[in-house]
Amino acid sequence: MKKVNIAVVGLNFGANFAHCYRFHPNVGELTICDLNHDLVNQIGDRLGIRKRYFDLADVLNDPTIDAVHLLTNIPDHDKQSIAVLEADKHCACAVPMSINKDGIYNVINAQKKSGKKYMLMETIHFTRNYLYAQKMIDTGEIGHIQYIKGVHCQDMEGWPSYWKGLPPVFYASHAVAPAFVALKCDAKRVICFGTGKMREEMHKQYGNPYPVQMALYEMEDGTLAEVTRTLFYSARGFAEGFSICGDLAAFETGQINDDLPVVFKYRDNGIFDPDHIPGIGREILEQRISPPDRLDLLPMELYCFTNPHVRAGITDPSDTYLFQPGPSGGYHPHVVNAFIRYLTEEIEPFFNISNAARLTAACICAHESSMAGGKEIIIPKF
Ligand SMILES: NC(=O)c1ccc[n+]([C@@H]2O[C@H](COP(=O)([O-])OP(=O)(O)OC[C@H]3O[C@@H](n4cnc5c(N)ncnc54)[C@H](O)[C@@H]3O)[C@@H](O)[C@H]2O)c1
C-alpha cells in the first residue's frame, strides 16, 4: 500500500485534520507544526504524535515529508503554498487560496514549475448536506438546475487580527462552491454590492467599508448563483447554507445551521402537461430529511471522524474545534481522504489547482465589483 508522509501546519482548526491523517491507512509518518509551542505539544501529547516542528520553515527543510496541509493565517496562504511547492512537496491549503489575483497566478506558476500537486481544501461539498444534494443531482432527482443560492454568515469579531475588516467575499468560497460543484462549470461574470456599516477603524486593514456583501454570478452554462456573505455587525447566527433548485426537486439547508434540510418535490414528478394545468399551481411536497454519513466514501479507519468522538486519548475535545455534528458537518475525514487519494491514487479532487484558481478569482472579482458600485466584472480564466 502506497504511503505518504504528511505535515499539518497550523493547529487550531488544523488539529481535527491532524487527527484524521493520524489514522488514515495511506499516511506514513505524520508531523504537526505551529508557531505556538504549547499548542504543538498539547495536540502532540493528546493525539500521540511524536514528530513536532515549530515553524513551517523546518517542515520545508525536512526531505522525508512528502506533502503539507496548511491551516494558517489567510493572508499567508499564497506565499506559504508557493514555499511548499518550491520545497518539492505537494500542497493542500485551507481556503482561501489567496486574497488577490497576483497571488493566484503565483501559486499556479509555482505548481507548474514544481510538477507537484495542489488541492484547495474547500469543505462545503464534503458536508452531509452537500453529499446528499449531490446524490439528488447525480440520480436526476433534481432535474435541470434552475438556480443556486449560497449563504455564509459568521460573526468574526475578536478572531485573529487578519479577519478585522476582511472583505466578506474574500472568504465566500463555502457559499460560491456549491454552484461550481453542482453545475460542474465556472463563473463567467459577477455583479456584487456591499451593504451595512461597521466602525471606521475596521476599514483600514483592507480598505473595505462593508461588513456584508451580496453577489450575483452568471455561471458558464448561464445558470445564476446568488451569494450572501456576512462577517461583522449582522445579527444573524452562523450559517453555511445553500439551496439548489431544479425543475423537478430542490434541496435547501436549514434556517439554523443544524436544522435538518428540506427537500421539495413536485407531486407530479415532472410528468406534467402544460395544456392541462390542474388548478392553481402545481403541488409541491416538502419533507425534512436527515442526510446520512457517507461512510461508503471513506476508508474504515476514518468512519468515526464524521462525528465528535473519543479516541487516542482525547477525553475532552472542547478545547479545540469539534468535528461538527449535524447536517452541515461531517466533512473532515472526506477532505483528508480526497487529498490522500489524489496523492496515492491520482484521483483528481474537484478543487485541483485550476478549479481552485477559478473559485478564488470568483470571490476576489466580487469584491472588485462591490468597490466599483456593482460594476460587472468578467472572471479571468486560468
Ligand atoms: N470550513 C473551512 O474550510 C474552514 C473553517 C475554519 C477555518 N478555515 C481556514 O483554516 C485556516 C486556519 O483557521 P484557524 O481558525 O485555525 O486560524 P488561526 O489563525 O486561529 O490559526 C492559524 C495557526 O497557524 C499557525 N501558523 C501561522 N504561520 C505559521 C508558520 N509559519 N509556521 C507554523 N505555524 C504557523 C499560527 O500560529 C496559528 O496557530 C484559516 O486560513 C481559515 O481561513 C477553514
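Two strands pair if DSSP finds at least two bridges between them. Helices (H or I, at least four residues) and strands (E, at least two) are DSSP runs, numbered from the N terminus. Welcome to this structure, a predicted model in which local features need pLDDT of at least 70 and side-chain atom pairs count only at pLDDT 80 or more, while totals for chains, interfaces and linings use all residues. Residues are numbered from 1 along each chain as its sequence is written, and side-chain values use heavy atoms, with hydrogens and water left out.

Let us start with an open sheet: six strands form it in the order 3-2-1-4-5-6, with parallel pairing. Strand 3 (51-53) and strand 6 (118-120) stand at the edges with a single partner strand each, so one side of each has no neighbour in the sheet. On average, neighbouring strands here are turned by 20° against each other, direction ignored. In strand 6, M119 is the bridge partner of A92. Helix 4 (residues 77-86) packs on this sheet and touches strand 4 (67-70), strand 5 and strand 6; contact means heavy atoms within 4.5 Å. The direction of helix 4 makes about 160° with that of strand 5, where angles run from 0 to 180 degrees between N-to-C directions and axes are lines fitted to C-alpha atoms, for helices over the stretch in contact.

**Strand pairs side by side**

| Strands | Bridges | Direction |
|---|---|---|
| strand 5 (residues 90-93) and strand 6 | three | parallel |
| strand 11 (residues 239-246) and strand 12 (residues 249-252) | three | antiparallel |
| strand 12 and strand 13 (residues 262-266) | four | antiparallel |

Strand 11 and strand 12 form a hairpin, with two residues between them. I244 stands opposite F251 in strand 12, and A249 stands opposite K265 in strand 13.

**Two packed helices**

Helix 5 (residues 101-114) and helix 9 (residues 353-371) pack at an angle of about 170°, their axes 9 Å apart. That makes helix 5 roughly antiparallel to helix 9, a term for angles over 145 degrees. Residues of helix 5 including I104, V107 and I108 meet residues of helix 9, among them A357, A361 and I364. The contact residues divide into eight nonpolar, two polar and two charged; Ala, Val, Leu, Ile, Met, Phe, Trp, Tyr, Cys and Pro count as nonpolar, Asp, Glu, Lys and Arg as charged, and the others, Gly among them, as polar.

Technical notes
Parallel < 35°, antiparallel > 145°, perpendicular 65-115°, else oblique.
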